[in-house]
Each structure stands twice: as structure tokens, then as C-alpha cells.
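Let's take a walk through this protein together.

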Amino acid sequence: MPSKKINLSNLWKKFTQSQLVIPITALFVLVVFNLIRDPSFFSIVIKKNNLGNTVLAGNLISILNGASELVILAIGMTFVTSATRGQDISVGASAAIAGSVFVKILRANTITVPVILLALVCACLVAIVFCLFNGLLIAKFNIQPMIASLILFTAGRPIAYWINGGATPNVESSLLGALGGFIPGIPIPSPILIVIVFIVLIKLLLKFTNLSLYIQSVGINEKAARLNGINPVAMKMIVFIILGVCVTLAGSINVCRIGLINHETILIDIEMDAILAVAIGGNSLGGGKFKLSGSIIGAYIIQALTITLYAMKVSSTAVKAYKAIVIIAIVVLGSPVVKEFLGNLKNKIFAKRAVVKVEAK
């Protein structure tokens, strides 16, 4: 069979025009920076944890593990952004509510696998109800998403506090420890495995349904979508149902990690990181087309940046400031204005090269 020649110029052109060019470039820069700064940064070691289990450890594992809740919320935020052309800033508060329901049911029963599943289902139903409240305000009353979700952003954590009777109860169980840490015999942290399963399920949902097409259609042009038989209100409510599942998983994973629910600190400020993950992933915050892989990479970039700063001995109080500077740079470089400028600059350079070649001939 004749061999196919790979046109590097076309590949480069496709890459530079891809939605993933910014997140992949940012991730590449972070990897190179850490390899130069400390070649052992990405080393993975095998060790025994406090329970005597053989586990994998290292900065790379910490990045993948620590970003688990953010990745799940970034996926939900991507759907909401695409369909509603805005962001839900109450995901952290919703996760606190879901986590509180999860803990309340666990504490009322002997913790077994069926009880954990029951607690997850109940927490998910409650979280979906609260997320649908936001969806109703947005879809039916045409309130801006950020304004509509501001209500739950303000009231969500007090509601979470009220659910458990004004307390911050803890839950202790080897089963929960396994879900938030390591399953005996499996060296990879459980949250990483949960994220992988969740991403696969979401990908299958999008592959075997038209949900992705419908959501993007509503986000691009709601009136045109309605004329084509798509119900914009239904699509918006569906994305908030998905978001309810996302906040439940994120809140429950966090509870299993630390073994308690603290309404004030659980996933605090994660809504901002989720929005940034969507933006860093090359997705427009004005809605429309989206790429889930971009948001997922964006979430890992944020966590990698955090771990990098801690590895450089940056104080926890200064980490947010450094993160803000880097993230602003990434978002600005990915903005339409900068992309247009770089595109025009590239065209001018290639035009000059073409003139030089013609003159040389």
C-alpha cells in the first residue's frame, strides 16, 4: 500500500485553530517549567500509607487526585455555560447541601454499601431540586444565570448548616475512607477512578444521544433552536439536572476525603475555579459550542498550578494571587482579540515569506 505523507504544515494549522490550543499549550508550559525547576517533580513512588496499603504517591498523583472534585464540577459548569450563556456561581453551596444530606443519612444508619448508595441517591435528588430552582429562574423568568444563582450562593451554606441541626458532624467508616482515599489492593486513589468512570459515562451519554447538539444549539441561537423543534426550557432544565449530579459527586467525594461536613469550608471558592477551568479550556463563557476535554484539561491545569506553587514554597495566602496572575495571562492569550492579532501577524509573516521566495526566483 502506498505510504501517506504527513503534512506538518496542515497539522500545525489545524492545531493552532483548535479550541484546545490554549489549554494544551498552558499544560505543556507547566510541564516544561517543572521539569526544568525540578526534574523529579513528576516522579511517582510506591509506598505504604497509614493503613498499610501499597499506594502510588507523588506530585502527579496529587494533581490528578486533588483535581477530582473540580473536574466533575467543571463538566457540569460547561453544560450550564453552553446552554444558558452564563455561569452558576452556587455550585460550591449546592455541593455543601448535597454533602450535608449525604452525612445526615449516613449518621442515621449503620454505614454499609447499600446505605452509602441510598445516601448518594437522596443527596442527588436534593441537589437536583436546588439546581432546578436556579434553572427555573433562568429558563422561565429569563434572569441572568449569575444573578439567579446568587440566591443559592448566599443561602446554600446556611441551609447545609441547618440540615445537620447547626453542627459540623463527622462520619467514620472504612468504606468512606476507601471512597475518599484508597481501596485496599488498588494503588490509585479512589477519586481518580470515580472521575474516570464519570467522564466515560458522560462521553457515552453525549455519543449515543443528541444532547450535545441540542445544548449547543440553544446556546448559539435559542430562537433558531425553537424553530427547529428543540425546547430551550427543557434543555436548560436538563443541564441543571446534570449539574445536580455533579455537585452531589463532588460534595460526597469531599466528605469521604475528610470524614466530616463543614458547611463553611467544603469546596469553598471552587465555583470560581470551575468557571476558570471552562474558560482556560477554550470554551466561550458566552455559551454555544463547547469541548468537555478542554474544561477537563483546564481543571487539571489549575490544580497543577496550585501544586507547583506549593512545591516552590509559596505561602498558602499568596497562592491565590499567583494563580490569578497566571490564569489572567492564559485567559487573555486565549481571548478572541489576541487570537485575531496573532492570526493577522501570522498572515503578514507568511505573506512576506511568499514575496521573498518569488523575488528569489
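Buried here means under 20% relative accessible area, exposed means over 50%, and partly exposed is in between, using a 1.4 Å probe and protein chains only. In a regular strand the side chains alternate between the two faces of the sheet. Strands are DSSP runs of E with at least two residues, helices are runs of H or I with at least four, and both are numbered from the N terminus.

A word on the source: this is a predicted model, in which local features need pLDDT of at least 70 and side-chain atom pairs count only at pLDDT 80 or more, while totals for chains, interfaces and linings use all residues. Residues are numbered from 1 along each chain as its sequence is written, and side-chain values use heavy atoms, with hydrogens and water left out.

Back to the strand, whose partner is S1 (residues 45–48): the two pair in the antiparallel sense over 4 bridges. For strands to count as paired, DSSP must find at least two bridges between them. Ala57 in S2 is the bridge partner of Val45. The hairpin has 5 residues between its strands, and Gly52 takes a positive phi near 85 degrees there.

Now for the aromatic rings, which form 2 pairs in the structure. Phe41 and Phe42 make an edge-to-face pair, 4.8 Å centre to centre with 85 degrees between the planes. Rings of Phe, Tyr and Trp (its six-membered ring) pair if their centres lie within 6.5 Å; planes under 30 degrees apart count as stacked, over 60 as edge-to-face and the rest as tilted. Phe41 is buried, at 1% relative accessible area, whereas Phe42 is partly exposed at 22%. Phe79 and Phe290 also pair edge-to-face, with 5.5 Å between centres and 80 degrees between planes. This pair links distant parts of the chain, 211 residues apart: Phe79 sits in helix H4 (residues 68–84), and Phe290 in the loop between helix H13 (270–280) and helix H14 (292–311). Both Phe79 and Phe290 are buried.

Next come the charged side chains, with 6 salt bridges found in the whole structure. A salt bridge is a side-chain nitrogen of Lys or Arg within 4 Å of a carboxyl oxygen of Asp or Glu. One of them joins Glu222 to Lys236, with the closest N and O atoms 2.9 Å apart. Because Glu222 is in helix H11 (residues 222–227) and Lys236 in helix H12 (residues 232–258), the pair ties together parts 14 residues apart in sequence.

Lys320 counts as exposed because its relative accessibility is 57%, and Asp269, at 35%, counts as partly exposed.

Finally, look at the surface, where Ile196, Val197, Val200, Leu201, Leu204 and Phe208 form a nonpolar patch with about 580 Å² of accessible area together. Patch residues have over 30% relative accessible area and no salt bridge; like charges are joined within 9 Å, and nonpolar side chains (Val, Leu, Ile, Met, Phe, Trp, Tyr) within 5 Å. Accessible areas come from the Shrake-Rupley method with a 1.4 Å probe, and for residues only the protein chains shown count as cover. Phe208 belongs to helix H9 (residues 190–208) and, at 63% relative accessibility, counts as exposed.
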